Every structure is written in structure tokens, then in C-alpha cells.
Amino acid sequence: MSAVLKIESLSKSFVLHQQAGVRIPVFDGLNAEVKAGEAVAVTGPSGRGKSSLLKLVYGTYRANAGSIQVFSGVGWTDVVTAAPRDVIELRRDVIGYVTQFLRVIPRVPAEMVVAEPMMDRGISQEQALTRARTLLDRLNIPKRLWHLSPMTFSGGEQQRVNIARGFAAHFPILLLDEPTASLDTENRNRVLELIAEARGQGSAILAVFHDEAERRRACSRSIGLD
Ligand SMILES: Nc1ncnc2c1ncn2[C@@H]1O[C@H](COP(=O)(O)OP(=O)(O)OP(=O)(O)O)[C@@H](O)[C@H]1O
Ligand SMILES: [Mg+2]
């Protein structure tokens, strides 16, 4: 399989304008690539920049230097220099991202939260909801909660809705930030199954795992930031 994500000479530092312009260097000259069907772990101690790397690939943070090339199926786009509307398209079709916490929107039911990324691609609401419900069921979200906003859900339930949303549509590149952090063993296994399935469908995965055993189960190699 060939690379679909290529990170070259990537540098990132934060400047805290509110705090005397203190500069926090995160990384300098980072190189990495991920192939289709491959899951690569990002490792390093807390505060080393693992989440920041995922946010750079998603276009949430802007790099100071270097490039992040992603393959969309027809051509390559550099996230670092891409126009905002290209980033929006990449997020709809190419790059999926499971954040550590669900951003809950009041009044939107859990099943719609999960169905949304599919409907954004033009899949009918009926079809999208069918797949959404299958995923919620696989992740052991009780049926009585599907129609409710995840606002009042437990941390682990919100996390599972977030994961269902992240895996609802097929993404050629998938970013996972501690996707199993607040889950029990049974649900961790479900998430690891979803990761294996996405790999089987050709997704290139860049993931942060707190737990080393899980990291080894899900990923074939690591990029060490330490
Ligand atoms: N938006 C931001 N503004 C300023 N500094 C930031 C910002 N985001 C991250 N940082 C800083 O960048 C460094 C890396 O943070 P990051 O969240 O990427 O670490 P991490 O490796 O994911 O840590 P953890 O394992 O605790 O989740 C930290 O020193 C953090 O304070
Ligand atoms: Mg983090």
C-alpha cells in the first residue's frame, strides 16, 4: 500500500500572547508517513504534543513550517497551506477525527450526531440513521438513549457516541485521540474491532493510546515524540 499521509519537516510552537509572549516549542522538523490500511501510534509523555500533531493534521492548528500532504483519492493537498474551504472539504471526505471529548450540541439526538457525517456526504437520512443505529448498538448505547441529546449522557456514553460518529462514514485518513480512554473492557474491544475494520477498508490511522497493550493491538508501529 502507498502513503496517503506525508508529514515533512513539520515545526510547531505556540506563542502565549496573553502571557508575556512566552514561546512553547512543540516539535521541530518532524517527518512521518502513514500508508493506507496502516495504523500508526503517536507516543510520548503528557504534554509532548501528541494531540497537537493530530490537530495540525486536521487543520485546527497552523504549523510554523513544513507540510502535511494528504491524498484525497485524486490528488494531494497540503493541509498547512490549504484554503479554509479546502480544509472543510477534506474534513467531509478525507480526514476523520475522533476527539477525546464529544462536543455536545443541545437538542440534537445521539443518532443524528452519528448520522450527520454521512448526511453531509449526501447519504439519505434514512440510510444514515440505519447505519448510525447499528453503530450505537455495537457500542452498547441503550436504544432508549438514541433519541436523546448526549448532553446528559455519562462520560463513557458520550465517548462512545463520539466514536460512532467518527466511524460512521469511511475516511481514508482517521485521527484518533485516546479513543478508549474512558471505556470499560467490553467497549474497548468494540472500538479496537472498529479500528481493525477501518484498516481493512484501507483507512490510514494515526492514533494516540494511553494504554500500551491496546496501542500494540491496534497499531503496527509508532512515531515517538519523546
Ligand atoms: N492552543 C494551545 N495554546 C498554547 N499552548 C498549547 C495549545 N495546545 C497545546 N499547547 C501546548 O503544547 C504542548 C503539547 O500539548 P498536547 O496537548 O499536544 O500534548 P499531549 O502530548 O497530547 O499531552 P497529553 O498526553 O497530556 O494529552 C503542551 O505544552 C501544551 O501546553
Ligand atoms: Mg493529548
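Predicted model: local features only at pLDDT ≥ 70, side-chain atom pairs only at ≥ 80, totals over all residues.
# Aromatic pairs, a covered helix and overall form

Reader: How many aromatic pairs does the structure hold?
Author: Ring pairs are counted when their centres lie within 6.5 Å. By that criterion the number of aromatic pairs in the structure is 3.

Reader: Which parts of the chain does the pair of F14 and Y61 tie together, and how many residues apart are they in sequence?
Author: F14 belongs to strand β1, residues 3-16, while Y61 sits in the loop between α1 and β4 (65-71). The pair therefore ties together parts of the chain whose separation in sequence is 47 residues.

Reader: What is the geometry of the aromatic pair formed by Y58 and Y97?
Author: The centres of the Y58 and Y97 rings are 4.8 Å from each other. Their planes make an angle of 55°, and the pair is tilted.

Reader: Where in the chain do Y58 and Y97 lie, and how many residues apart are they?
Author: Y58 is part of helix α1, and Y97 is part of strand β6. The pair thus links distant parts of the chain, at a separation of 39 residues.

Reader: How many residues of helix α1 are buried?
Author: Helix α1 covers residues 50-58 and is mostly covered. Its buried residues are K50, S52, L53, L54, L56, V57 and Y58. Of the 9 residues in α1, the number buried is 7.

Reader: Which residue with a positive phi follows α1?
Author: The phi of the residue after α1 is near 85°. That residue is G59.

Reader: Where is R107, and is R107 buried or exposed?
Author: R107 has a positive phi of about 75°, although it is not a glycine. The residue is found in the loop between β6 (95-98) and α3 (110-119). Because its relative accessibility is 77%, R107 counts as exposed.

Reader: What is the relative accessibility of N140, and in which loop does N140 lie?
Author: N140 is not a glycine either, yet its phi is positive, about 60°. Its place is the loop between α4 (125-138) and α5 (155-168). N140 counts as partly exposed, with a relative accessibility of 33%.

Reader: How many helices and strands does the protein have, and why is it as compact as a globular protein of that length?
Author: The secondary structure consists of 7 helices and 9 strands. The globule rule gives 17 Å for 226 residues, and the protein is as compact as a globular protein of that length because its radius of gyration is close to this value, at 17 Å.

Reader: What share of the residues in the protein is buried?
Author: The C-alpha trace spans about 50 × 40 × 35 Å along its principal axes. Among the 226 residues of the protein, the buried share is 48%.

Terms used
Residues numbered from 1 in each chain as written. Chains lettered and ligands numbered in written order. Heavy atoms only, no water. Helix = DSSP H or I, 4+ residues; strand = E, 2+ residues; numbered from the N terminus. Buried < 20%, exposed > 50% of the residue type's maximum accessible area, 1.4 Å probe, protein only. Rg over C-alpha atoms; globule rule 2.2 N^0.38 Å. Phe/Tyr/Trp six-rings, centres within 6.5 Å; stacked < 30°, edge-to-face > 60°.
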